[in-house]
Amino acid sequence: MVAALGEAQVRERLGEVPGWAVDGARGALHRQLRLKDFPSAFALMTRIALAAEKADHHPEWSNVYNRLDIWLTTHDAGGITERDFALAHVINAMLED
């Protein structure tokens with residue numbers, strides 16, 4: 001089992017994942033994206049879903065038309081872990097494509 005990172009560790013690491021913030025109420029990394037339209041949002045969600053399944057680490061998310069909210073947390077650890085930062089890096093790389 002992976003251990004949750006401390007608050008100071010999380011804040012220190014945030015610079016590595018531009019666009020992400022801490023949602024303290026959820027104990028998660030959070031990013032809100034606005035894409036061109038619904039097909040673009042859904043296509044990104046599909047790409048993220050495939051990467052998440054491969055990593056066996058799944059996001060919480062909400063989609064309304066072109067808006068996509070993503071929360072990354074490791075429930076088993078009770079907070080944000082290295083796994084969440086790893087998936088945030090993957091998602092950010094997808095946005096650069």
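**Inside the core**

Analyst: Of the protein's 97 residues, 41% count as buried, where buried means under 20% relative accessible area, exposed over 50% and partly exposed in between (1.4 Å probe, protein chains only). Keep in mind that this is a predicted model: local features need pLDDT of at least 70, side-chain atom pairs count only at pLDDT 80 or more, and totals for chains, interfaces and linings use all residues. Numbering runs from 1 along each chain as its sequence is written, and side-chain values use heavy atoms, with hydrogens and water left out.

Now the core itself. A nonpolar core is a set of buried Ala, Val, Leu, Ile, Met, Phe, Trp, Tyr and Cys residues joined through side-chain atoms within 4.5 Å. The largest one here has 23 residues, and Trp20, Leu29, Leu68, Ile70 and Leu72 touch the most other members. At least two residues each come from β2 (28-34), α2 (38-55), β4 (67-72) and α3 (82-96), with α2 giving the largest share, six residues. Those labels are DSSP runs numbered from the N terminus: helices (H or I) have at least four residues, strands (E) at least two. Overall, you'll find three helices and four strands, in the order α-β-β-α-β-β-α.

Let's zoom in on Leu29. Leaving out residues up to four places away in sequence, Leu29 touches partners including Val10, Trp20, Ile70, Leu72 and Phe85; contact means heavy atoms within 4.5 Å. In the protein's contacts between residues at least 6 apart in sequence, 61% join residues at least 24 apart.
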